[in-house]
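My entries follow in the order in which I made them.

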Amino acid sequence: VATQNEELRKRFIGRSEYLVNFFRFLAEEVREHLAAIGAKSIDEIVGRVDLLEQKEWNTNSKTQKVDMSRIIYRPAEADVFAIRKVKDQQHMIDEVKDRALIRVSMPAIESRMPVQLDYKICNTDRSVGAMLSGEVAKRYGNAGLDDDTVTVTFKGSAGQSFGAFLAKGIHFRLEGDANDYLGKGLSGGKITVVPPKGTSFAAEDNIIAGNTLLYGATSGEVFINGQAGERFCVRNSGAIAVVEGAGDHCCEYMTGGRTVVLGQVGRNFAAGMSGGVAYVLDEANNFDYFCNMEMVELTLVEDKSDVRELKHYIQKHFDHTASPLARKILDNWSEYVDKFIKVTPIEYKKVLHEEKMKELQKKIAEVQRDY
């Protein structure tokens, strides 16, 4: 049920047992079909294309022109063994980069002694950090390690899901670029992405990371010295992210956390966004055209607490990336702060207001009790 509202959750009467029961009935029906053709298990009919035949259609049907011969083709008897699994998959799991990371990080994981590592990385290195985070989670759960206990600097082009499920206490710094799904399921870790040293292009004008970054992230921080692709921070529920531009559907279905975009965004910003807050630098004064206004409202950054929060995140972005754009904004803060737009989900704003009122009432009650 895709809602954070407890009142709406109460209306859903479904139970997990219903799903279990459905698959039980499905399995029974499959067994009936197998019995009808004289088979005891699905394993017996894998690859049995001789049990298939193309259905006859009338001559006027377009489906009559569909050629299924290659699908129902049965190879020569000598090759029958090759139409089904005959050996285990060669997944090379013992050779992935995480194995080396775990091995050299074990002192930090077991004794909490900080380590700093350097590695090269290429786009065939996928989900780097997931297994390492698993080792941390086995021992410390969601609490993880102290900040920056394991710091790894990578150089090159990272493959998909770089820093997936990265645990608290692990900091991945990438000097290069990243493919899709960076920070997927981020769980307290920190990721920094910067261009390689010596590059002459303006980072804020170029894409440095792919699509669907921070998909389903729950906590942690990401600082990207450059632009990201589409669906940045989709389903983010608690992470902090700063980027210097993003494509279409940024903050889609976001339910928590903070997103700061120091540049242009694509269309359909904040579609389905029900929680969290986003700050967008709107120098072109056209952000409202790109924003999906169905569930959010736009305001200037005027509240003192919002100003402090925004400046704090941009300062952290500069501290981690040395971004020239972040430096420019900080050096001319009074000029730039008026160009930012705050994006807040309407229902989420009501919740925040109620929490503030409760906190205020609590403080008033404490004062009255003291007197």
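**Surface patch**

I began with Phe-22, which counts as partly exposed because its relative accessibility is 46%; I keep in mind that this is a predicted model. Phe-22 is found in helix α2, which covers residues 16-36. I then looked up which nonpolar surface patch includes Phe-22, and found that Leu-19, Phe-22, Phe-23, Leu-26, Val-30, Ile-42 and Val-46 form it, with about 620 Å² of accessible area together.

**Cysteines**

I searched the whole structure for disulfides and found zero. For Cys-233, the closest cysteine sulfur is that of Cys-251, at 5.4 Å, which is too far for a bond. Cys-251 is likewise in no disulfide, and I noted that its nearest cysteine sulfur belongs to Cys-250, 3.9 Å away, whereas the cut-off for a pair is 2.5 Å. I also checked burial: Cys-233 is buried, with a relative accessible area of 0%, and Cys-251 is buried, also with a value of 0%.

**Second largest pocket**

At least two lining residues each come from β10 (275-281), β11 (296-300), α6 (304-321), β12 (340-345) and α9 (346-370).

Terms used: Residues are numbered from 1 along each chain as its sequence is written. This is a predicted model: local features need pLDDT of at least 70, side-chain atom pairs count only at pLDDT 80 or more; totals for chains, interfaces and linings use all residues. Side-chain values use heavy atoms; hydrogens and water are left out. Patches are made of residues with over 30% relative accessible area and no salt bridge: like charges are joined within 9 Å, nonpolar side chains (Val, Leu, Ile, Met, Phe, Trp, Tyr) within 5 Å. Accessible areas come from the Shrake-Rupley method with a 1.4 Å probe; for residues, only the protein chains shown count as cover. A salt bridge is a side-chain nitrogen of Lys or Arg within 4 Å of a carboxyl oxygen of Asp or Glu. Helices (H or I, at least four residues) and strands (E, at least two) are DSSP runs, numbered from the N terminus. Buried means under 20% relative accessible area, exposed over 50%, partly exposed in between (1.4 Å probe, protein chains only).
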